[in-house]
Amino acid sequence: MSEDRPLVIVRDGALLDDVLRLAAAAACELDCVPDVTAASANWMRAPLVVLDEQALTSRELDRLPRRGGVLLVGSPQPESEAWQRAFTVGIERVVCLPAEESSLVASFADVAEGPGVGGGRVLGVIGGRGGAGASVFAASVAIEAARAGRAALLVDCDGIGGGIDLVLGAEHEAGLRWPDLTLNSGRVSMAALREALLGVHCGSGSLVVLSCGRCGAGPTPDGIAAVLDAGTRAGCTVVCDLPRDLNAAGWQVIDLADLVAVVVPAEVRASASAQRVVERLADRARELGVVVRGPAPDDLPADAVADAAGARVLTVMRAEPRLGKALDRGEFQPKPSGPLAAGAAEVLDALFAEQAKAVA
Ligand SMILES: Nc1ncnc2c1ncn2[C@@H]1O[C@H](COP(=O)(O)OP(=O)(O)OP(=O)(O)O)[C@@H](O)[C@H]1O
Ligand SMILES: [Mg+2]
């Protein structure tokens, strides 16, 4: 027995299967005991107690001290005597399954994660024109965050982008992609994601990646919300690679992001196109800025790009040398002292400066 785990006294086999499944979704280990007598040793120490109607009828329950955090799980319509009894023994909450699965997953996730460390931030990255370098920049920021020792999560939101795992040369690595992921409950823990998703080593740090696939569906708005919530509760730097043509899932990111970076090559046409993108986002994005990247074929200054786009400059980068070859060979990681790494670090500073402002 462990005092860190929820104590489960569920005699009904089908119900127990449901409880085990929902705990697994939250990466929460359980202590399952056959009856109330067996539960007495850890009754007060367990962070949460889950019991069913059969356990509720046990007279042993009356001998145990009252405590908080006791949940009754069961069918949508418990007998009225069960409600009465639940009240008498001090049940905190009745969770009807399957209707309230998400609330049970959330309770398990709270135990599995402990008190959330918080402090996570969400960055959205979008191209000012097609092929602007948004996916490469999103991957670079996430890698830089991981290299700097932050917990980092890279979320691919472009369902037809071919998969950001391919940018990282990790397309053959194990780990669930969006089409494999079922997030029915509306809540998932970062611990569960870390275990299930693709992991990429970056220097001494490690990056968790939720990529789209070469086929299958991309993210849904609810899926995005659950993943971003898990990441921020766990204190992660969450970087979302967005398609320019935003669908509902993409708009969900715009609504939740602390900062949106619009990547714009230093070209006249790209600046004009970026202006349309900025215009569309301006009402919904909390903070918005442009990442101006080289090459600048006619030396267009970054300020002119930002003026045309209508947003402040977050960073200005030269073109990353030998990037195309590295991408094609699956060998991409921004050179530690190169333009992409420096630009990514500047955008991370801007992302966390917003947080400092919010706290002040
Ligand atoms: N920092 C950079 N320096 C030089 N070239 C770059 C840089 N970033 C991207 N590129 C070039 O632009 C190409 C497209 O990059 P990327 O796929 O990141 O663009 P995108 O904006 O995500 O495109 P899409 O519109 O398809 O989503 C890369 O394959 C590379 O050749
Ligand atoms: Mg892209």
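1. Helices here are DSSP runs of H or I with at least four residues, strands are runs of E with at least two, and both are numbered from the N terminus. On that basis the protein chain, which is a predicted model, has 14 helices and 13 strands. Its C-alpha atoms occupy a box of roughly 85 × 40 × 40 Å along the principal axes.

2. The chain has 360 residues, of which 49% count as buried. Among contacts with a separation of 6 or more, 75% are between residues 24 or more positions apart.

3. An open sheet of eight strands, with mixed pairing, runs in the order β8-β9-β7-β10-β6-β11-β12-β13. The edge positions are held by β8 (198-202) and β13 (312-317); each has a single partner strand, so one side of each has no neighbour in the sheet. On average, and ignoring direction, neighbouring strands of this sheet are turned by 25° against each other.

4. Two parallel pairings within the sheet can be checked residue by residue. Strand β6 (residues 121-127) is joined to β11 (residues 259-265) by five bridges, and the two run parallel. There, Leu123 has Leu259 of β11 as its bridge partner. Strands β7 (residues 152-156) and β9 (residues 205-210) also pair in the parallel sense, over four bridges.

5. The pairing of β8 with β9 is antiparallel and has five bridges. Together β8 and β9 form a hairpin with two residues between the strands. In the turn, Gly203 has a positive phi of about 60°.

6. Helix α10 (residues 248-256) has several buried residues: Ala249, Gly250, Gln252, Val253 and Ile254. An α-helix has 3.6 residues a turn, so residues three or four places apart point the same way. The elements that cover the buried residues of α10 include the strands β6, β10 (237-241) and β11. Helices α9 (221-233) and α11 (268-281) are also included in that cover.

7. Ligand 1 has 19 residues around it, and those that come nearest are Gly127, Gly133, Ala134, Ser135 and Val136. Two helices, α6 (134-147) and α13 (323-328), each supply at least two residues of the shell. By class, the shell around ligand 1 is made up of eight nonpolar, seven polar and four charged residues.

Key
Residues are numbered from 1 along each chain as its sequence is written. Chains are lettered from A and ligands numbered from 1 in the order in which they are written. This is a predicted model: local features need pLDDT of at least 70, side-chain atom pairs count only at pLDDT 80 or more; totals for chains, interfaces and linings use all residues. A residue is near a molecule or strand if its C-beta atom, placed from the backbone, lies within 6 Å of it. Ala, Val, Leu, Ile, Met, Phe, Trp, Tyr, Cys and Pro count as nonpolar, Asp, Glu, Lys and Arg as charged, and the others, Gly among them, as polar. Two strands pair if DSSP finds at least two bridges between them. Axes are lines fitted to C-alpha atoms, for helices over the stretch in contact, and angles run from 0 to 180 degrees between N-to-C directions. A residue is buried if 20 or more other C-beta atoms lie within 10 Å of its own, exposed if 12 or fewer, and partly exposed in between; C-beta atoms are placed from the backbone. Two residues are in contact if their C-beta atoms, placed from the backbone, lie within 7 Å.
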